[in-house]
Amino acid sequence: MKKIILSLILFFILSIGGYLFYYFKITNVEKDNIEFASIEDLIQKEYPKTLCPKDLNPKSFIALFTERYNKNSRFNFVTMIGDFPENWVKPNDVQYLISIMHSREKCCGYMNLFSSHMLSKNGEVGGFALIFLNSYISQTKINLGLNCNPKTDLESIKKIEKWYNNQSLQTK
């Protein structure tokens, strides 16, 4: 019985010693690296930046939402904070958005950081393109609410194609 108790105490002491050695070695390495790090690096390391629409443009927004889509996952959404800036869609983005507005490719949905609901529906690339184009045409600020999983809509496509054809005729 004494051998078992001594063995357990020895094992316990060695385990704690190994943990403390590992902990202090890692802590000292991190302290050495702090001297050369900037404040921004430390903040970024401890608090990763939440995505904001103002940091993206329509093309990078669509790319991000398609890259993060996982067909095997039930929850496909990208969480963002903040509002879309005024005139977020620029004139040079229109051609790209027109080219993808028919797309029914599945992508992640938009979710605001403050949303209390997690939707399991998927968005479509064409649906986001239609929202962005409608914002550009009407010169209104984009508002996706707390959750948005837009789908491609044929009526909206026809309206935008009509608008685009009128724009093409006016520039000629």
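A: Start with phenylalanine 128. Setting aside neighbours within four places in sequence, Phe128 is in contact with Phe61, Ile62, Phe65, Cys107, Cys108, Gly109, Tyr110, Leu144, Cys148 and Pro150. The model is a predicted one.

Phe128 belongs to the largest nonpolar core, which has 31 residues. Phe61, Phe65, Phe128 and Phe132 have the most contacts inside that core. The elements giving two or more residues to the core are helix 3 (58-67), strand 1 (77-80), helix 4 (94-100), helix 5 (125-138) and helix 6 (154-171). Helix 5 gives the most, with seven residues.

Strands of a sheet pair through backbone hydrogen bonds, either parallel or antiparallel.

Both senses occur here. Strand 1 and strand 3 pair in the parallel sense, over four bridges. Within that pairing, Thr79 has Met111 of strand 3 as its bridge partner. Strand 3 and strand 5 (residues 147-148) pair in the antiparallel sense, over two bridges. There, Tyr110 has Cys148 of strand 5 as its bridge partner. Met111 has Asn147 of strand 5 as its bridge partner.

Look next at the two faces of strand 3. In a regular strand the side chains alternate between the two faces of the sheet. Strand 3 spans residues 109-112, and both of its faces are covered. Gly109 and Met111 are buried on one side, and Tyr110 and Asn112 are buried on the other. Of these, Gly109 and Tyr110 are among the contacts of Phe128.

Two of the core residues with the most contacts, Phe61 and Phe65, fall within the 58-67 span of helix 3.

Glu124 sits in strand 4 (residues 123-124). Glu124 is buried, because its relative accessible area is 8% and the cut-off for buried is under 20%. Beyond its neighbours within four places, Glu124 is in contact with Ser103, Arg104, Glu105, Cys107, Pro150, Lys151 and Thr152.

Two loop residues have backbone angles to check. Most residues other than glycine have a negative phi. Asn87 is not a glycine, yet has a positive phi of about 50 degrees. Asn87 is found in the loop between strand 1 and helix 4. At 43% relative accessibility, Asn87 counts as partly exposed. Gln139 is not a glycine either, and has a positive phi of about 55 degrees. Gln139 is placed in the loop between helix 5 and strand 5.

Finally, the setting. The protein chain has six helices and five strands. Along the sequence they follow the pattern α-α-α-β-α-β-β-β-α-β-α. Of the 172 residues, 30% count as buried. Among contacts with a separation of 6 or more, 75% join residues 24 or more positions apart. The accessible surface comes to about 12400 Å², with 59% belonging to carbon and sulfur atoms.

Conventions. Residues are numbered from 1 along each chain as its sequence is written. This is a predicted model: local features need pLDDT of at least 70, side-chain atom pairs count only at pLDDT 80 or more; totals for chains, interfaces and linings use all residues. Side-chain values use heavy atoms; hydrogens and water are left out. A nonpolar core is a set of buried Ala, Val, Leu, Ile, Met, Phe, Trp, Tyr and Cys residues joined through side-chain atoms within 4.5 Å. Buried means under 20% relative accessible area, exposed over 50%, partly exposed in between (1.4 Å probe, protein chains only). Contact means heavy atoms within 4.5 Å. Two strands pair if DSSP finds at least two bridges between them. Accessible areas come from the Shrake-Rupley method with a 1.4 Å probe; for residues, only the protein chains shown count as cover.
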